[in-house]
Amino acid sequence: MAAPEDDPHVFTFKDEKPSPDPIFEYPDSLRDSRIPLIIDNGSYQCRAGWASDEKPKMIFKNLVARQRGKKDLDALIGNDIGNLEVMRWQLKSQFDRNIVTQFDLQEQVLDHLFSHLGINTQGQVDHPVVMTEPVCNPNHCRQQMSELLFEGYHVPQVAYGVDSLFSFYKNHATPETANGIVVSCGYQSVHLLPVKNGRLDAGHCRRINTGGCHLDAFMHRMLQLKFPGHMAAITLSRAEELVREHTHMATDYINELEEWADVDYYEDHVHKIQLPYTAQPSNTLTAEQQKEKKEQQIRRLKEINAKKRLERLAADQERLQQLMSVQELMADDDEEAFNKALDDLEFSDPMELQEAINKLSSSIQRAKDKVMGVQTQKEEEPETKQPVYDLLDTPDDMLTDDLLQKKKRQQFLKAAAEGRAKARKLNEEKRKQELMEEKRMEEKRKKNFQEWLAETRKKRQVLLDKRNQRKQRKSDMAKRRTFASQQRMKIISQLAEGEKKKKKEDTFGMNDDDWNVYKEINIRAGDSDSEMEQEQLEELETMLKEYDEEFAKDCDPQNGDGVFDIAEYYRLHVSTEQIRIPELLFQPSILGMEQGGIVETLDFILKKYSPQEQLDLVQYVFLTGGCVSFQNMKERMENEIMAIRPFQSPFSVHMAEDPVLDAWHGARKWALSSALKVCSITRAEYEEKGGEYLKEHCVTNRYIPTPVLVPT
């Protein structure tokens, strides 16, 4: 991935498309010399070439794409598949994890391999074949492979070996007598193979079902969840590229993960991956045109706010008229109709009705002031029938039960009327203060703009804090164990206890303090002032958008130049994923797998041996396979092994010279030695001993014949 010159943290995807494999020449000298053919048949890639070459001629992914409606001969294999993502759902592999099970696909791969190597001998491949196989390969799979090679291609002889042991053979000075532990991190799994006296100790081998494909899938899924807007652009091939080029092994995972919480560390180490996008045309507006455009936006915003205010005023007036008509029912002594109206309006009691009337009256008065631009001289209430309070001065002992109930209603109505008058007076005084404050702020804006701007921002922040606190309190009231909920229950219990002690007439609501108590215990009363605060907030934000350029930039999805930063929108930030993805090799539990990691499994294997044997094995811990190519992999292994070994116990960790290709190079080195002739399986031996037969040597599996059922 290339990084743009202006920002070293921004990279782009290569999106490399493979080139189709060429057909190589097959000269007579190569045909007559019977040079061994080396095939590293891996679950991720197949690498093939002649033992006389320094490197494999063919490297391609072990995938077959069968196109619908076409014959098997038209299948695309390896590098012939130009775009993997287009044909993702048609891709097939001959492997089940790391074991070859689909030999019809394996035959197609071998056809592709032999034909591109240029082998044109009629009906046979007249070269010895050295082929890799997985650890503890089932006899049945080896039998199928031998049958395919001997019967299908008529090869003269075949030799099998474990890929990771070939890599060990390539890098160790004396592999025939060596002791050590091979850690093979492949595409489908991780294998830990103890080697004693140059032979594989198959009884103590262990496999971890985590490999490169799991790392790729984990990166793919994490980025799709992190950037759902770019889900289609985050393909599995791109996730694989990110894993290969933008991750590293953490030497101390927990500490490095905590460092990512620091903002400065994040900015210094994050990798920003630029997705392809189409750039928008640059802004061509002049300064005057931009200013005019901004003024139009401000005017339009003010018009929208004024229209909303008028609509809200009309709705509030209609609502107030409805509530006042319900209250008249109480003055008319129509208790049944009054209670029914309360239920229809979802009010629990007259107090809640009166609170709604007061709130609407105040809101209407304020809205009228805003619409008219000046303070109204007197609030005009909807015309209502004036109630008569003829029983208030009459003693209770001179009244019947019905008249007592009527007197109680008159007391409530009188208190409500007085409360409205008091609230109207307070609202008028409050509005006068607001007008004076607005005048003062306007003068300050003209004289000291920066001070006015700071004060306006502060007012806006105070309103936002109040709204957030009210929302939090409302949320807390709905929960059982919060402080707000406990305070509410405490007030309710105190009111109930006081009621029991007094045993007198219920006068709750006659006093102004009762309304504050009601607000404290009523969950739905948390938003009583939210509409007024919302209006104030809209006014402040309109002024800030008009006079504060920084605030306008923050509120506008476009930047100061009027152009959306589309490049930043199409960037993937790879942060903790850089260490979290490779960590799966040491902690498969991150992926939800109930397995131990590399070090836990290594410790388990070592405990199967005596202390002296453990000491011999850890003197050569050998790392191979594509997944050990992560930066700091060797250092991490050394730290982890030091933690599980006795104090000051010596050990040594070695890395393959080329973790990806050393299996092929090791097989080539072995094929050029005298061991090839001795350890290869000839066709005669195949016919005599069966396809599962294996000649053991320093890089093979242990051969255990399949038991034969003897009839009794």
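## Exercises on helix packing and sheet order

Helix α2 (residues 103-116) packs against helix α3 (residues 139-152) at an angle of about 40°, with the axes 11 Å apart. This is a predicted model, where local features need pLDDT of at least 70, side-chain atom pairs count only at pLDDT 80 or more, and totals for chains, interfaces and linings use all residues. Residues are numbered from 1 along each chain as its sequence is written, and side-chain values use heavy atoms, with hydrogens and water left out. Helices (H or I, at least four residues) and strands (E, at least two) are DSSP runs, numbered from the N terminus.

**Exercise 1.** Describe the packing of α2 and α3.

*Solution.* 
- Axes are lines fitted to C-alpha atoms, for helices over the stretch in contact, and angles run from 0 to 180 degrees between N-to-C directions.
- Take the values: α2 and α3 pack at about 40°, with axes 11 Å apart. That makes α2 oblique to α3. Angles under 35 degrees count as roughly parallel, over 145 as roughly antiparallel, 65 to 115 as roughly perpendicular, and the rest as oblique.
- List the contacts (heavy atoms within 4.5 Å). From α2 come F103, Q106, E107 and L110; from α3 come C141, Q144, M145, L148 and L149.
- Sort these residues: 6 are nonpolar, 2 polar and 1 charged. Ala, Val, Leu, Ile, Met, Phe, Trp, Tyr, Cys and Pro count as nonpolar, Asp, Glu, Lys and Arg as charged, and the others, Gly among them, as polar.

**Exercise 2.** Work out the order and edges of the open sheet of 3 strands.

*Solution.* 
- The order is β6-β5-β7, with antiparallel pairing.
- The edges are β6 (76-77) and β7 (91-92), each pairing on one side only.
- Strand β5 (residues 64-65) pairs with β7 over 2 bridges. A65 has L91 in β7 as its bridge partner.

How values were computed:
Pairing = 2+ DSSP bridges.
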